[in-house]
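Work through the exercises below with the structure open beside you. Try each task before you read its solution.

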Amino acid sequence: MKYKAIKGTRDILPEEMFKRRYIENIARELFERWGYLPILTPVFEQTELFVRSIGETTDIVQKEMYTFLDRKGRSLTLRPEGTAPVVRAYLENNLKDFRNPTKLYYFMPMFRYERPQKGRLREFHQIGLEVLGARGPDIDAEVISILATYFEMLRISTYEVKVNTIGCRKCRASYTKKLRRYLKDSFEKLCVDCQFRYEANPMRAFDCKNRTCHSILNKAPQITDYVCDECQRHFEGVKHFLNISGTRFTVDKRLVRGFDYYEKTTFEVVSPLLGAQSAIGAGGRYDPLIADCGGEETPGIGFAIGVERLLLQLEEENVSLNSIPPVDVYVCYLGEDLLDKALEIVFNLRERGLSVDIDYAHRSLKGQFKVADRLKAKYVVVVAPEEEKMESVKVRDMNSGEEQIVKKEELAKTLMEIIHGG
Ligand code: HAM
């Protein structure tokens with residue numbers, strides 16, 4: 001074969017498309033019931049948007065962006081995440097005049113140049129949700145609890161919701177100094193990435209998977225113990241409202257996130273069934289981001305779920321999902337002469353709302369029946385010379401094997417009745 005899908009990307013075939021449609025439909029139904037509206041932003045944006053919002057020294061900006069120059073020499077980047085584009089769209093389209101707070105959700109592909117492995121792709125898909133313009137801890141609790149509700153609706157049971165606070169820029173400044181002081185003695189033992197993080201943003205070292213770094217960080221001072229009064233009050237509020245909403249959660253003081261735009265609340269849904277890539281969804285509050293993108297001071301919070309990881313989780317938990325639906329009726333014909341008659345039936349039944357197919361590969365009758373089996377057709381209609389003489393067709397119930405002769409003029413009504421009960 002000449003061409004292959006690019007490493008880290010994959011084709012999503014019909015069987016999986018039906019599973020995705022199922023999880024998207026549940027998300028759509030749930031999110032809209034809670035007041036969130038859909039949005040879709042372009043696949044690429046100005047590179048600067050991501051550099052400024054995610055943060056110049058983050059892994060994503062340093063190593064993972066698909067950046068290219070267009071024909072006029074402008075630097076563009078394939079969206080690595082959805083929050084910054086949604087914020088840009090919010091500002092550009094004055095969405096605060098549309099609804100305030102603005103509650104949005106999206107299903108979008110994302111692109112990150114990461115080392116592909118199970119649950120980690122270079123093109124992946126997120127189901128995300130953002131709220132712009134709400135400052136209180138009550139909305140944090142709503143956002144976290146809608147995430148947990150979604151998992152419940154999907155019948156996922158083996159997961160944990162972890163929450164934390166990483167303080168605001170003010171309280172983080174003095175904490176960062178403390179953390180640097182702590183890490184200084186072990187600097188030589190840190191991995192190269194963490195040595196870089198030491199200067200850029202040492203808190204990010206908590207995210208490091210390296211064993212030595214992990215054990216060094218285990219005893220490090222934690223931001224949650226050093227946040228200012230306002231951030232502490234906010235976090236208490238989040239926990240309070242989460243309890244009111246009935247959402248199960250644990251506080252994980254090590255939960256920091258790999259983006260610069262976060263502040264105060266951070267959270268993650270993790271699964272013990274997913275191995276190294278255990279985060280199925282994650283999010284947090286990003287109060288400074290909108291002003292950083294040139295808007296008025298406006299708070300924001302949201303999350304994104306990785307669709308591929310969600311599907312892996314559903315598989316691990318043996319949750320059965322929709323698959324390709326069977327066709328209602330497969331129309332077979334005996335001899336090319338009867339193709340016109342068969343097609344008339346096909347179009348007529350389709351018009352009545354049934355799902356109907358016919359063999360366009362011009363197989364023998366036996367071959368047509370084989371296809372009907374493969375499509376799991378509920379009924380097969382056979383157009384054959386003998387019945388045709390009596391303006392009739394044979395209808396075979398593929399489940400029971402029973403056959404009956406039906407007048408063509410009554411065919412649609414008969415099939416509608418047996419398939420849909422009228
Ligand atoms: P994130 O933690 O980078 O956050 O991504 C969210 C989720 O996307 C992850 O928990 C994971 O399930 C999935 N994901 C991330 N990278 C990959 C990958 N390479 N392959 C497969 N799945 C992946 C964000 O993107 C933030 N924008 C979330 C957010 C929204 N924060 C506030 N609002």
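A polar contact is a pair of N or O atoms within 3.5 Å; within protein, one must be able to donate a hydrogen and the other to accept it, and residues adjacent in sequence count only if both atoms are side-chain atoms. The model is predicted, so local features need pLDDT of at least 70 and side-chain atom pairs count only at pLDDT 80 or more, while totals for chains, interfaces and linings use all residues. Residues are numbered from 1 along each chain as its sequence is written, and side-chain values use heavy atoms, with hydrogens and water left out.

**Exercise 1. The ligand**

Task: Which residues are closest to the ligand, and how many surround it?

Solution: 
- Step 1. Count the residues with a heavy atom within 4 Å of the ligand. There are 26.
- Step 2. Name the closest: Glu-81, Glu-114, Glu-130, Arg-257 and Tyr-262.
- Step 3. Look at the side chains. Glu-114 places a polar side-chain atom 2.6 Å from a nitrogen atom of the ligand. For a polar side-chain atom of Glu-130, the distance to a ligand nitrogen atom is 2.8 Å.
- Step 4. Turn to the backbone. At Gly-302, a backbone N or O atom lies 3.4 Å from a nitrogen atom of the ligand.

**Exercise 2. Helices α2 and α4**

Task: At what angle do α2 and α4 pack, and which residues make the contact?

Solution: 
- Step 1. Find the helices (DSSP runs of H or I, at least four residues, numbered from the N terminus). Helix α2 spans residues 47-54 and helix α4 spans residues 83-92.
- Step 2. The angle is about 110°, with the axes 9 Å apart.
- Step 3. Classify the angle. α2 and α4 are therefore roughly perpendicular (65 to 115 degrees).
- Step 4. List the contact residues (heavy atoms within 4.5 Å). α2 gives Leu-49, Phe-50 and Ser-53; α4 gives Ala-84, Pro-85 and Arg-88.

Notes:
Axes are lines fitted to C-alpha atoms, for helices over the stretch in contact, and angles run from 0 to 180 degrees between N-to-C directions. Helices (H or I, at least four residues) and strands (E, at least two) are DSSP runs, numbered from the N terminus. Angles under 35 degrees count as roughly parallel, over 145 as roughly antiparallel, 65 to 115 as roughly perpendicular and the rest as oblique. A residue is near a molecule or strand if one of its heavy atoms lies within 4 Å of it.
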